Amino acid sequence: MTILESIERGRDHQDSPVLELFRAWVRRTPDAPALIDGEHSWSYAELDLLADTLAGRLADRVRPGDLVGVCLDHSAALVAATLAVARLGAVHLPLGPRPGERRLQAVAENLRLTCLIGDPDLLPPAHRAAEHRRLELPTAGATAAATVVAAFAPPAEGAVGAPEGSYYAVLTSGSTGLPKAVAVGEPSLGALLHWYRELTGLGPGDRHSLLIGVAFDPHMMELWASLTAGSALCVAPDAVRWDPGALTDWWREAGITVSVLPTPLAEPVLERPWPQGMVLRHLMAGGDRLRRHPAPEVTAHLHNAYGPAEATVVTTVHSMAPGAGGEGAPPIGLPVPGAVLVVTDPDGRPVPRGESGELRVGGRPLALGYLDRELTGRRFVPAPDGVPGVGLVYRTGDRVRMRADGVLEFEGRLDDQVKVSGVRIEPAEVEAAFERDPRVRRAVVAVRRDEDGGARLLAFVQAAAPAGPVTTTGPVTAADLLPQVRAWLPQQAVPTVVRLVDDYPLDANGKVDRAALLAAEETDRAAQAAAADAGPATPDTEDGGSDTERTVLRLCRKLLDRADLGPQDNFLDAGGNSLAAARLLVELEQAFGVRLRAPQLLRQPDLRAVAALVEASRPAVAVS
């Protein structure tokens, strides 16, 4: 009965081809703004011409079904490339401007890429040395590349292409140490866009943010939804992605009416006082568990979205009207139209409502599968008995509970996979990134949960014995290993704590005891915190650390979960990332009444310099 009611909620519908919807707006409103990037703007007709010219430039080399990697940031060039790839019938693989050299090289070696489009200096070695075709694309804009080329390199032997019917592909974390590529068909994307336009009322006159990281699959929804609705895409300045205060200011100043945010950025935005004069009507948050309802003063509808890339961005949603309030974490809601959801036991049998189990997803949102067919067979499995009209379902690995009213509550993961700052991560992939370094014998990654339910990655690394004579440079340190690791991983997957260990504790089955590692780390952390609270312990702190410096240290230690941080440490090197910086900016504003910008914060060489910046930015106190 639970399954049948879910199917009834998942009404099927037809929609026009995605590219044709864009072309319809080109004919109807050719002069309307399609893309706004600061002071620069491109109309629907201008964007159409850019895409047509680019498609013509590639037409002799790119065929329908070919996989095209796009290494560009938010810009007119990115949007034109997206449209051009669709016109050619090729499969768009958005990679972002800096996916990590080694990670990008691994993708290029394992996937049958016809070409890579991007800045020639940021392409992997094989593509830097390959045939280049310069693409005349706009260079104006906040994050636009100065030069863009299409690089053609022969695919490696055994490289795999996209399955027939693919419209786009995105990367997700893989347990083998290499990212997995998920292929999505046009009907699934079209159904998603149709639902999203109806949910938000998106149409001409609206301004939709272009903000989500390019390699993160909700980017496909925000980009295509606006272009198929006749509204204007607005490129978010780079600082907006780091700074909740800058983000809400930009929403107001740019007149943004609809926006999508990763949950870890949405939460600090919702924690701030809601600005006056906002025209934002709809805000969608997704990618991680939302831990609070919006405050009564939030004037936008907030939509808590859930969905793996394997089910086309959004599978369920829980919508909250302005002023609705609520206690605790919002549920992940009800299925989008066309989705079939089944909660099962470990043997794949549906469980009654009220019982927890694994969520399996079928129906219209289901992706075509992975480019790795063997992996597809393991995760895309036959639907349970009693689910009519559904052939395959995707095993999400997420534990959920369906309430009596059919609403789903998210309870966590069933496997080792974890979400950090909204990005799905396999700890095995992080371990493999460390173990690619010849200085590392083995790496074990464990997950520690914060009090608020957030996840942090900790790496316990065993150094390899020196292959030759011991040098005067000394033993390898955690800081020595991080540059190599960052080349393989997205920033959210880089552990906040790296510990060098001589050996690993084992459990009764002879496996590494991650719980014991975390317990030992917790003991060390508590000792470091006690030492820090006891007062100045090093020359760096004993020589007159100011109240501001001590507060900055305390905030950073808490945010990064690093009790050993000192004033000489660099924020990024200590495990900070964009979302941690966003939270630090909020904390600094609350503690000192100063509004810093992310670039100011991240340019500082160490935390002592951050404290000095805070002091210099504090308002002067008048003396009578």
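1. Val313 lies in the loop between strands E14 and E15; strands (E, at least two residues) and helices (H or I, at least four) are DSSP runs numbered from the N terminus. The phi of Val313 is near 75 degrees, a positive value in a residue other than glycine. With a relative accessible area of 6%, Val313 is buried, a term that means under 20% relative accessible area, with exposed set at over 50% and partly exposed in between (1.4 Å probe, protein chains only).

2. The model is predicted: local features need pLDDT of at least 70, side-chain atom pairs count only at pLDDT 80 or more, and totals for chains, interfaces and linings use all residues. Residues are numbered from 1 along each chain as its sequence is written, and side-chain values use heavy atoms, with hydrogens and water left out.

3. Thr312 also belongs to the loop between strand E14 (301-306) and strand E15 (316-320). Thr312 has a positive phi of about 60 degrees, although it is not a glycine. Its relative accessible area is 2%, so Thr312 is buried.

4. Val336 is placed in the loop between strand E16 (334-335) and strand E17 (339-344). Val336 counts as buried because its relative accessibility is 6%. The C-alpha atoms of Val336 and Arg441 are separated by 47 Å, and the two residues are 105 apart along the chain.

5. Strands E25, E26 and E27 form an open sheet in that order, with mixed pairing; two strands pair if DSSP finds at least two bridges between them. Strand E25 (440-449) and strand E27 (497-500) each have a single partner strand and stand at the edges, so one side of each lacks a neighbour in the sheet. From one strand to the next, the twist averages 20 degrees.

6. Strand E26 (residues 455-463) runs parallel to E27, and four bridges join them. Leu458 has Val497 in E27 as its bridge partner. Helix H12 (residues 427-435) packs on the sheet and touches E25, E26 and E27, where contact means heavy atoms within 4.5 Å. The direction of H12 makes about 145 degrees with that of E25; axes are lines fitted to C-alpha atoms, for helices over the stretch in contact, and angles run from 0 to 180 degrees between N-to-C directions.

7. Strand E3 (residues 67-71) and E4 run parallel and are joined by four bridges, and the bridge partner of Val70 in E4 is Pro94. Strand E4 (residues 91-94) is covered on both faces: Val91 and Leu93 on one side, and His92 and Pro94 on the other, are all buried.
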